[in-house]
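Please look at the sequence and the structure shown here before reading the report that goes with them.

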Amino acid sequence: MPRLYLAWLCSMCLLVQAEASWRHDLPDVQPVGQGAMRWFGLKLYDAELYTPTGRFDQRAPHALRLRYARSLKAERIVEASLDQMQRLGAPAQSFPTWAKQMRRAFIDVDQGDTLTGVHLPGKGVRFYAGEQLTASIDDPEFARWFFAIWLDPATSEPGLRRQLIGEAR
């Protein structure tokens, strides 16, 4: 009997882990586009955009998955995100709160690690390190500005944006 209980417990743990995946938030997603982010010629990460329809609509749920090509500290990711949001015109008075939320969501990354953000318009964002949920942020304005870093027409990386939203095929 104890072995049966242990087997059941292990299967329940696996089920909970599987449901924690970002794909649980967006089942049956399809890739829209992908591209590489480079900084002075150095590849920082590969980015992939997913939606339920395979087409980008900023008003619909979508996931942005970044696979890092080098090690970065979580604090550097937070700072770079805030810099880009500021460049796009996000309200600076929200930055202290947003920085705190991102510090909770992001981890230090090494080559090959993935961070995924799932944008749920009107609700907020859920962040995953690998397949592990790190934070759920119920702030639609933060989510909108965060994803604007890559997906807004005024992004600092218009070529990457075109690749992500499928315009550069």
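## Basis of the description

This is a predicted model, in which local features need pLDDT of at least 70 and side-chain atom pairs count only at pLDDT 80 or more, while totals for chains, interfaces and linings use all residues. Residues are numbered from 1 along each chain as its sequence is written, and side-chain values use heavy atoms, with hydrogens and water left out.

Helices (H or I, at least four residues) and strands (E, at least two) are DSSP runs, numbered from the N terminus. Strand E4 covers residues 114–120, and seven of its seven residues are buried, where buried means under 20% relative accessible area with a 1.4 Å probe and protein chains only. In a regular strand the side chains alternate between the two faces of the sheet. In E4, Thr 114, Thr 116, Val 118 and Leu 120 lie on one side, with Leu 115, Gly 117 and His 119 on the other, and both faces are covered.

Two strands pair if DSSP finds at least two bridges between them. Strand E3 (residues 62–68) runs antiparallel to E4 and is joined to it by six bridges, with Ala 63 standing opposite Val 118. Six bridges also join E4 to the antiparallel strand E5 (residues 124–129), where Val 125 is the bridge partner of His 119.

## Helix H5

Nine of the 12 residues of H5 (residues 140–151) are buried, so the helix is largely enclosed by the rest of the structure; among the buried residues are Phe 142, Trp 145 and Leu 151.

Key: Buried means under 20% relative accessible area, exposed over 50%, partly exposed in between (1.4 Å probe, protein chains only).
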